[in-house]
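Okay, thanks for making it, everyone. Let me put the model up, and then we'll walk through the sheets, a helix and some ring pairs.

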Amino acid sequence: MTTSTTRTPHFDRGRWARGGPETVGPGVHRIPLPLPEDGLRAVNVYALEGLTEGLVLIDGGWSVPESRKALEDALAELGHDLGEISHVLVTHIHRDHYTQAVELRRLLGSQVYLGAGERRGLELLGELRTDEPVGSLGTLRRAGAHDLAERVAAMYDDGFDHTVWEAPDRWLEAEELRFGDVRLTVVPTPGHTQGHVVYLDRARGLLFSGDHVLPHITPSIGFELGAPALPLGDYLDSLHTMTTLADAQLLPAHGPVGDSVHARVGELLTHHDDRLAATLAALDGRTRTAYEVAGELGWTRRKVSFADLGAFDQMLAVNETAAHLDVLVARGRASCSRADGVNRYAAAGV
């Protein structure tokens, strides 16, 4: 579930997702790649040119034929071809960012880099041989949403190809990468996933933010096979990390390029403060599950009711609500008790 905060001024919801490259700075090009049957519509990969190593991509896209053709066409428009791609720097292991990076390596021998915090998630994909979100389904069951968990589990089939989730060539820590005269600082930003990283080009004032900072939606939190203890707490800490860095132009994975990372981070922090307050208010002196609380909150910028969401989005909504409740507990504003495997929350002092 992605929930809205304030809308980017003059934002054309569809325009950013249309095919073709957009030059966002000297030697830096945004290339939207399609996400068939996905509400996000497209994922931005960024091509960095003018390097001695060849082309470097930030994120790889989803390994589907439509995506590869769109990438080939965009590079051709820029006067390049796939064979020039030397490195793909991935922000996290979700399929729309990682799987085409692996495919490009198989095809071209490109080097794939990924944050070290994704190691366990990648191992689980190979061990479990499924992309069924077992961590999120576990959260549903702990929220008392057993029927919803079964409905979501039934959406996944046995056609999962675990072989596209190969390990990267290099696991990244907090470090600096050099490609000719271009230096990119790797900043770990756990929250959306445990190993999410962003890439900061300090010299040019650019932040390739992946799904950590998005211009018009907030990312889902902890949607992965593993089960981080406090994913929203991690995410909020990672947002605060952005404020310790010099402000930069926002180059997100979904949506148009933005002028200021700091401005958007401020909006996101305010949004989550408001969401924490609304979640606490929904407890209303009662002991409730995350499933029950989610049912009383509005979703998306349109404040859609929980009952009007599809099963997958209901899962994301319950997971997000549980994440906010857990932060309230960690801050001493709520308490949590467990009986029969179900977590129940109450406001502090109730």
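This is a predicted model: local features need pLDDT of at least 70, side-chain atom pairs count only at pLDDT 80 or more; totals for chains, interfaces and linings use all residues.

Let's begin with what I call paired: two strands pair if DSSP finds at least two bridges between them. Strands (E, at least two residues) and helices (H or I, at least four) are DSSP runs, numbered from the N terminus. Residues are numbered from 1 along each chain as its sequence is written, and side-chain values use heavy atoms, with hydrogens and water left out.

Okay, sheets. There's an open sheet of 5 strands, in the order S8-S9-S10-S11-S12, with mixed pairing. Strand S8 (175-179) and strand S12 (249-252) are at the edges with a single partner strand each, so one side of each has no neighbour in the sheet. From one strand to the next, the twist averages 25°. Angles here run from 0 to 180 degrees between N-to-C directions, and the axes are lines fitted to C-alpha atoms, for helices over the stretch in contact. Inside this sheet, strand S9 (residues 182-188) pairs with strand S10 (residues 197-201) in the antiparallel sense, over 4 bridges.

Contact, by the way, means heavy atoms within 4.5 Å.

On to aromatics. Rings of Phe, Tyr and Trp (its six-membered ring) pair if their centres lie within 6.5 Å; planes under 30 degrees apart are stacked, over 60 edge-to-face, and the rest tilted. That rule gives 3 aromatic pairs. Take Tyr-46 and Phe-208: ring centres 5.4 Å apart and planes at 65°, so they're edge-to-face. This pair ties together distant parts of the chain, with Tyr-46 in strand S3 (residues 42-51) and Phe-208 in strand S11 (residues 206-210), 162 residues apart. Both Tyr-46 and Phe-208 are buried, buried being under 20% relative accessible area, exposed over 50%, and partly exposed in between (1.4 Å probe, protein chains only).

Then there's Tyr-98 with Trp-165: centres 6.3 Å apart, planes at 15°, so that one is stacked. Tyr-98 is in helix H2 (residues 95-108), and Trp-165 is in the loop between helix H5 (146-153) and strand S7 (170-172), 67 residues away. Tyr-98 is buried at 0% relative accessible area, and Trp-165 is buried at 12%.

Which residues of H5 are buried? They're Leu-148, Ala-149, Val-152 and Ala-153. Looking down the axis of H5, they fall within an arc of 135°, so they line one face of the helix; the arc is that of the directions from the helix axis to the C-beta atoms. These buried residues pack against helix H4 (134-142), helix H8 (290-294) and helix H9 (311-330).
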